[in-house]
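Open the model in your viewer and keep the selection panel at hand. Each stop below tells you what to pick and what you will find there.

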Amino acid sequence: MDILVKGGVLADGSRADVAIAGGIITAVEPRITAQAGEVIDATGKLISAPFVDAHFHMDATLSYGRPRVNASGTLLEGIALWGELKQQQTREDIVARALDYCRQAVGQGVLAIRSHVDVTDPNFRTVEALLEVRQRVRDVLDLQLVAFPQDGWYRAPGAEAQVIRALDAGVDVVGGIPHFERTMAAGATSVRAACELAAARGLRVDLHCDESDDPHSRHIETLAAETIRLGLQGRVAGSHLTSMHSMDNYYVAKLLPLIAEAQVAAIPNPLINITLQGRMDSYPKRRGLTRVPELRAAGVTVAFGQDCVRDPWYPLGSGDMLEVAHMGLHVALMTAPDQMRAAYQMVTDTPAQIMGLDFGLEVGKRASLIVLDAPDPIEALRLRPARLAVISNGRVVARTEPARCAISAGF
Ligand SMILES: [Zn+2]
């Protein structure tokens with residue numbers, strides 16, 4: 001045995017030792033006595049599957065303030081700023097920032113990220129840079145790339161060909177942005193084109209879908225219908241779906257079962273949705289986050305994504321998926337104990353499932369897990385504590401000492 005994690009607590013409250021050999025979990029039992037090369041004392045601490053971020057933009061991360069900050073705080077000014085930045089940045093610049101972010105994320109226990117990569121950069125630097133990053137981090141971090149036509153599948157000249165070029169170069173997933181096309185009709189056509197391309201190539205689909213406060217932005221309906229028509233069930237995700245926040249309840253009552261029937265996953269991004277949406281409202285101001293509890297109740301797979309860290313759309317973010325889940329459960333009013341436990345799953349097991357990863361604390365799975373300085377998932381959400389140990393593919397890749405505060409208040 002290479003590593004023995006001793007005395008930990010699983011998410012269900014049961015005590016467990018975890019044995020690791022050859023990069024695989026070989027035992028999960030209440031007490032393991034065999035010798036190991038390395039013993040990690042996890043007494044009373046939560047042993048968890050790693051954090052997984054199913055929605056990120058690694059080509060833009062850590063670029064905040066370049067060429068200037070987003071004054072309006074809107075999605076559209078962010079897209080315009082990114083349009084300027086992508087003309088200026090070099091491949092080396094993108095690689096350096098992405099690797100910096102990957103190190104920060106791994107330190108927080110994030111061992112898989114699905115990153116959209118803008119393919120509408122005509123010189124293709126973003127794709128080449130992130131393919132290099134995927135290769136360089138692969139032993140530690142699963143980086144899944146989405147061919148994302150940021151400026152529109154049809155609206156940006158040549159974007160469709162660039163999506164195909166990116167897939168030919170090894171990008172994993174077909175992306176899109178139907179609400180940014182010139183018309184609703186063009187948006188619907190782009191959804192169809194993306195799904196047909198994925199079906200022809202046996203790939204997954206993840207669209208930026210209805211990231212809008214417009215209740216009439218209904219591309220998720222087309223996405224679900226195309227998924228069923230093409231037999232893509234279980235391979236398709238709609239990211240954001242913020243328009244659903246503002247839709248008529250009667251229409252949503254028809255839409256939710258359609259999404260469930262199509263097995264289309266939903267990936268809202270709470271930190272970003274709560275800051276980009278509602279910008280044109282006076283009061284009351286809409287929250288923008290999609291209908292998370294209602295989607296879950298309808299049987300839809302829902303994961304929370306990070307989306308942005310210090311980029312043209314968001315000045316904050318730390319790569320900590322507990323911060324994402326913390327915001328998500330607040331905005332979605334998911335404060336019942338079972339809902340908070342679900343929020344924890346929405347940044348661990350559920351995004352791993354959406355990305356098709358074999359993570360999980362079970363014998364025979366990859367030995368990728370984390371030990372947190374908290375006894376259970378709800379305390380982890382409350383405290384967002386140190387990731388005491390991060391183990392990826394059977395190797396300890398990060399450790400954090402808990403911060404200690406000496407109080408001398410005198411009462
Ligand atoms: Zn995004």
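This is a predicted model: local features need pLDDT of at least 70, side-chain atom pairs count only at pLDDT 80 or more; totals for chains, interfaces and linings use all residues.

Start with Asp-142, which counts as partly exposed at 21% relative accessibility. Arg-366 lies in the loop between helix 13 (349-355) and strand 13 (369-372), while Asp-142 belongs to strand 8 (residues 142-148), so the pair ties together parts that are 224 residues apart in sequence.

Next, select Arg-91, Glu-128, Glu-132 and Arg-136. Salt bridges that share partners join these residues into one network. Zoom in on Glu-132 and Arg-136: their closest N and O atoms are 2.9 Å apart. Both sit in helix 3 (residues 125-137), and because they are four residues apart, about one helical turn separates them. Glu-132 is partly exposed at 24% relative accessible area. Arg-136 is exposed at 53%.

Move to Asp-118 and Lys-86. This salt bridge has its closest N and O atoms 2.5 Å apart. The pair links distant parts of the chain, with Asp-118 in strand 7 (residues 110-118) and Lys-86 in helix 1 (residues 75-88), 32 residues apart. Asp-118 counts as buried at 1% relative accessibility, and Lys-86 counts as buried at 2%. The count of salt bridges comes to 23.

Now the metal. Which residues coordinate the zinc ion? Select His-55 (NE2), His-57 (NE2), His-208 (NE2) and Asp-307 (OD), at 2.0 to 2.6 Å. The arrangement is irregular, because the four donor atoms subtend angles of 86 to 178 degrees. Along the chain, the donors follow the spacing H-x1-H-x150-H-x98-D. His-55 in strand 6 (residues 51-56) and His-208 in strand 10 (residues 204-209) are 153 residues apart. Both His-55 and His-208 are buried.

Jump to Ser-243, in helix 7 (residues 243-246). Ser-243 is buried, with a relative accessible area of 1%. Beyond residues up to four places away in sequence, Ser-243 touches Asp-210, Ser-212, Asp-214, Pro-215 and Ser-217.

Then pick strand 2 (residues 15-21) and strand 3 (residues 24-29), which pair in the antiparallel sense over five bridges. They form a hairpin with two residues between them. Gly-22 in the turn has a positive phi of about 60 degrees. Ala-21 stands opposite Ile-24 in strand 3.

Finally, color residues 38-398, where UniProt (unreviewed entry) places the feature "domain: Amidohydrolase". Over this range the chain is 41% helix and 16% strand, and the end C-alpha atoms are 15 Å apart.

Note on methods. Residues are numbered from 1 along each chain as its sequence is written. Side-chain values use heavy atoms; hydrogens and water are left out. Buried means under 20% relative accessible area, exposed over 50%, partly exposed in between (1.4 Å probe, protein chains only). Contact means heavy atoms within 4.5 Å. UniProt positions are given in the numbering used here, feature names are shortened, and annotations may be inferred rather than shown by experiment. Donors are N, O and S atoms within 2.8 Å of the metal (3.2 Å for Na, K and Ca); water is not among the atoms, so sites may look incomplete. Four donors count as tetrahedral if all angles lie between 85 and 135 degrees; four count as square planar and six as octahedral if opposite donors are over 155 degrees apart and all others between 65 and 115; anything else is irregular. Two strands pair if DSSP finds at least two bridges between them. A salt bridge is a side-chain nitrogen of Lys or Arg within 4 Å of a carboxyl oxygen of Asp or Glu.
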